[in-house]
Amino acid sequence: MRHLAAAQSVPFGTSGLRGLVTDLTDRVCYAYTQAFLSTVAADSSSVVVGHDLRPSSPRIAAACIQAIRDAGRDAVFVGAVPTPALAYYCALRHSPGIVVTGSHIPFDRNGIKFYRADGEIDKADEQAILDAEVAVPDTLSPAALPAVDTTALDAYIARYTGFFGQGALAGLRIALYEHSSVARDVLRSVLECLGAEVLSLGRTDTFVPIDTEAVRAEDVAQARAWANVHRFDAILSTDGDADRPLIGDETGTWLRGDVVGILCAQYLKADVVVTPVSSNTAVEKCNSFRQVVRTRIGSPYVIGGMEAHRGTGLIVGYEANGGFLLGGDIESGSLTLKALPTRDSVLPMLALLAMARDKGYRLSQLGQTLPRRFTASNRIQNIPLNVSRTLIDTLEKDIENAAATMAPNSGDVTGRDTTDGLRLTFSSDEIVHLRPSGNAPELRCYAEADDEERAGGLCNACLQRISEKTLGAQIDDPVAHH
């Protein structure tokens, strides 16, 4: 399997398999599914399969299902569903699963995520899949997709409506930026069941690569323009497969995902919070949690951190993209919110709306309760992974050059973190962090400061210097929020 993956340039990334659609051939998808079945899912008689709304996803799902059938297993096809909905259904059924999605990356790329019955596969599982021996037929013609089992979506909707309760959002007017999110209809169902009035905006059948960690300038402008035209209490959206939320306040200002994570953790009264090294340091400075654990970037690392602290109270995790993970069941009277240790977009949305309502706040006021730390992030796209790694390795070996490249006007370097890329803290208490993306050919930059404009400026200036001196690439303006 490893030889085929290398030959087709379809490797595992930070979280799942990713590659160009042209490289994700039926043969490759069939082989990866075979490897998954013979290793991670060896003892399972059935496998749940779903996909997002990318044009290439149904074809890839059909190849995966063919491999499942040829292995003598049952394929439970749940159709176009949010990734967390599939993961939740897998847990309910005690079955492994496969979801075809490229998340936020452009439509000319796609991917596959594999799930054990108890959650996402880990890095050891990835290695087992890559080491597996597979045999692919010389001719491969996947059958048409089977009928859709709607049980997964029904269970996912019931998870939230059952816990938050009818009327929990009554009186709220919520805008949905639907674009090509696979959750656009699910979100409407959940919100309306909870009593909210829902306004649909921006629906399209053309795939839109929404990245909740590096929001496009046009989406920033569009949300604010909609706020000037429509009266709403919040505007909600997700990335393509709906495991990352995009939450905007009544002014159409998108909240940063790591701030969303802190607020959601506070609402749930978490004891231990696990989050990547790139997340806003307000999580420590707010003093709301008994322990904060920092990890590498990517949900497998967050999940690993959560597992390592199991039994120490309510454990939650979140990423800077806003994806939220719940490590244990939450009991509230006779109601139970079941654990979902994979990225989810719906829980943080509902938690923030409920939190604002409980406090009598507008959504824009919630972030003001946290220490004043602002983060920004951006990326340079279409950079080969080896180029990004070489650049960061060079900077790590020369800290003076690193400081001059990353933040020349922020003072002396007072902290250096190489957990994931290179993250420098300066005497000004400003932070700049560079790392290669694990899912796409991108160099990402994260910055943090006590001022919103300053955070954006740090991020933009760092990437611009790298762009001009090293890569000759153009970058977009970054987005910074508290």
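1. D239 is buried in this predicted model, because its relative accessibility is 0%, against a cut-off of under 20% for burial. The residue is found in the loop that joins β10 (234-238) to β11 (245-248). Beyond its neighbours up to four places away in sequence, D239 touches S103, H104, H179, S181, I210, T212 and R244.

2. Setting aside residues within four places in sequence, the contacts of E430 are S410, L424, T425, E448, A449, R454 and L458. E430 and R93 are 337 residues apart in sequence, and their C-alpha atoms are 47 Å apart in space.

3. Two non-glycine residues with positive phi deserve attention when the backbone is inspected. H94 has a phi of about 60° and sits in the loop between α4 (83-93) and β5. H94 counts as exposed, because its relative accessibility of 65% is over the 50% cut-off.

4. K269 is the other residue of this pair: its phi is positive, at about 60°, although K269 is not a glycine. Its loop runs between α9 (257-268) and β12 (272-276). With a relative accessible area of 66%, K269 is exposed.

5. Helix α3 covers residues 57-70, a run of 14 residues. From the first C-alpha to the last, α3 reaches 20 Å, close to the 20 Å expected at 1.5 Å a residue. Just after α3, G72 adopts a positive phi of about 80°.

6. How much of α3 is buried? Ten of the 14 residues are, so the helix is mostly covered. The buried positions are S57, I60, A61, A62, A63, C64, I65, Q66, A67 and I68. In an α-helix there are 3.6 residues a turn, so residues three or four places apart point the same way. The cover over the buried residues of α3 includes one helix, α2 (26-38), and the strands β3 (46-51), β4 (74-80), β5 (97-100) and β6 (109-116).

7. Turning to the whole chain, the model contains 16 helices and 24 strands. The radius of gyration is 22 Å, close to the 23 Å that the globule rule gives for 482 residues, so the chain is as compact as a globular protein of that length. The C-alpha trace spans about 60 × 55 × 45 Å along its principal axes.

8. Buried residues account for 60% of the 482 residues in the chain. Among contacts with a sequence separation of 6 or more, 68% are between residues 24 or more positions apart.

Note on methods. Residues are numbered from 1 along each chain as its sequence is written. This is a predicted model: local features need pLDDT of at least 70, side-chain atom pairs count only at pLDDT 80 or more; totals for chains, interfaces and linings use all residues. Side-chain values use heavy atoms; hydrogens and water are left out. Helices (H or I, at least four residues) and strands (E, at least two) are DSSP runs, numbered from the N terminus. The expected span of a helix is 1.5 Å times one less than its number of residues. Buried means under 20% relative accessible area, exposed over 50%, partly exposed in between (1.4 Å probe, protein chains only). Contact means heavy atoms within 4.5 Å. The radius of gyration is taken over C-alpha atoms; the globule rule is 2.2 Å times the number of residues to the power 0.38.
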